[in-house]
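Hello,

Here is the structure for you to look through. My notes follow below it.

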Amino acid sequence: MRRRQPRSGPRRPGSLPWLGALVAAYLVLPLLVFLTRVPADGAAPWRQGGLWPAMFVSAATATVTTVLAAVSGVPLAYWLARSRTVAARLLSGAVLVPLALPPLVSGVVLVSVTGPATALGRLFDGRLTDSLAGVVLAQLFVAAPFAVVVARTAFAQIDQDVLDVAATMGLRPWRRLLAVAVPAVAPAIGAGLLLTWLRAFGEFGATVILAYHPYSLPVLTYVRFSGYGLHAAMAPAAVSIVVAALVVGAALALAGRARRAAPVDPEVPARPVPRTGDARTAPRVQLAVRCRVGDLDVAVGAVAPTGRVAVLGPSGAGKTTMLRALAGLVPGGDVELDDEPAIDGPVERRPVAY
């Protein structure tokens, strides 16, 4: 069967760009149309009290929520990405549950734990509801999963060999997280924290149940709309749109500046390595490795009076496994270095860098 020859001339764009333009128009045009209808003069919506305090409450609590999500959520995401335990898998699923719950249900759940009649609420003298603390608790419950999920996905893409090398260079787990893992996926973590801030800033459902007072911007918008109609709710809605647009614009500008900057690899601090000088005067090296990885048995012994050891062998003979065993990256086995058993503690405390 003969294939039809394509027509000559300029190619027409397919349907995919038009579908993308349709979605973009649906997302952007309602915002633009709404902003053109907001009263620009000194009308009643702008004069009603509580607008600017509500904006401050939303912005301040969203910032506190994002900081808490970064401090606690990023380490959690790192552990979830690197751990293969059943507990890690179960916790990964539990973190997603708040994203699936209706916000009002989240508020009911939080009230049942932190309300004035609960043990936790009495411990704090009922100050966990109808307060700034209540707003933060509501925002953190519904927004922190964004930071955890995005960071966990990014951490999972880091090559385990990079973290193993950092461990053999003497970096403890916290240093590996801060000096290697976080710089490697910083743009993704920043995107997750941006989503966290925006979600917290716009949170309504859990907040209106847990902390009706002081008013946040979404709660004030609901109160004005339900009590006075659309005209009264336009001012707080417009402020919400403008603040969100400014934050997104600032984040995109910072990201663009970071991309234009010259890439700089993070420096990994390492334990001091003494100079050995000439190979003829270097200290004697003696090692013995016996370990098993799957179906591979490795048994290597070497003595080098010149202080240098070269291990040769075909692919799959166990050269890399021997090096990883010396560094402590292979569980089990029997490793000796210079006639002494290698340190049985954490990898970062062994006198071997890989």
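Arg199 and Glu203 form a salt bridge, their closest N and O atoms being 2.9 Å apart; the term means a side-chain nitrogen of Lys or Arg within 4 Å of a carboxyl oxygen of Asp or Glu. Glu203 is buried at 2% relative accessibility, while Arg199 is partly exposed at 24% (buried is under 20% relative accessible area, exposed over 50%, partly exposed in between, with a 1.4 Å probe and protein chains only).

The model is predicted: local features need pLDDT of at least 70 and side-chain atom pairs 80 or more, while totals for chains, interfaces and linings use all residues. Residues are numbered from 1 along each chain as its sequence is written, and side-chain values use heavy atoms, leaving out hydrogens and water.

By the salt-bridge rule the count comes to 4. Another of them joins Asp125 and Arg127, with N and O 3.6 Å apart. Asp125 is exposed at 59%, and so is Arg127 at 53%.

Arg324 also forms a salt bridge with Asp161, at 3.4 Å from N to O. Arg324 lies in helix H14 and Asp161 in helix H8, so the pair ties together parts 163 residues apart in sequence (helices are DSSP runs of H or I with at least four residues, strands are E runs of at least two, both numbered from the N terminus). Salt bridges with shared partners join Asp161, Asp164 and Arg324 into one network.

H14 covers residues 319-327. Its buried residues include Thr321, Met322 and Arg324. After H14 comes Gly328, with a positive phi near 90°.

Regards
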